[in-house]
Amino acid sequence: MKIKGLRDEDLLYEDVELHIDKIKSKKNTYVLLYRFMKIITFIGGAGITILIGWDKVPENTLQFKRTILILSACITFIAAFEGIFNLSDKALAYDVFYLN
């Protein structure tokens with residue numbers, strides 16, 4: 001709820017408005033990052049399952065094993081990053097500050 005008349009006159013109102021916008025921006029950033037990581041984890045996990053179950057790729061090739069290993073390591077890293085930093089909890093905390 002921004003009041004244009006106060007924005008020009010009151011410096012305190014302008015400062016509070018600036019802080020509210022920063023909090024809203026941080027909240028949106030954490031929400032987007034959380035959703036992006038969940039989507040990447042889901043797609044990567046499904047990709048690993050498809051690659052392992054694929055009959056046409058010979059399982060003994062070194063390139064195939066390296067691909068599976070790299071995908072698994074990336075998925076593990078993304079899941080650990082989200083678990084360590086709790087991006088969804090940070091987004092909820094900024095939502096409380098914002099009083100949405």
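Of the 100 residues in the chain, 15% are buried, meaning under 20% relative accessible area with a 1.4 Å probe and protein chains only. This is a predicted model, where local features need pLDDT of at least 70 and side-chain atom pairs count only at pLDDT 80 or more, while totals for chains, interfaces and linings use all residues. Residues are numbered from 1 along each chain as its sequence is written, and side-chain values use heavy atoms, leaving out hydrogens and water.

The chain holds 4 helices and 0 strands, in the order α-α-α-α along the sequence; helices here are DSSP runs of H or I with at least four residues, strands are E runs of at least two, and numbering starts at the N terminus. Among contacts (heavy atoms within 4.5 Å) with a separation of 6 or more, 60% join residues 24 or more positions apart.

| Helix | Residues |
|---|---|
| H2 | 11–53 |
| H3 | 62–85 |

Their axes, lines fitted to C-alpha atoms over the stretch in contact, lie 9 Å apart at an angle of about 155 degrees. H2 and H3 are therefore roughly antiparallel, the term for angles over 145 degrees.

Which residues in H2 and H3 meet? From H2 they include Tyr 34, Met 37, Gly 44 and Ile 48, and from H3 they include Phe 64, Leu 71, Ile 75 and Glu 82. The residues of this contact divide into 13 nonpolar, 5 polar and 2 charged; Ala, Val, Leu, Ile, Met, Phe, Trp, Tyr, Cys and Pro count as nonpolar, Asp, Glu, Lys and Arg as charged, and the others as polar.

How values were computed: Buried means under 20% relative accessible area, exposed over 50%, partly exposed in between (1.4 Å probe, protein chains only). Axes are lines fitted to C-alpha atoms, for helices over the stretch in contact, and angles run from 0 to 180 degrees between N-to-C directions. Angles under 35 degrees count as roughly parallel, over 145 as roughly antiparallel, 65 to 115 as roughly perpendicular and the rest as oblique.
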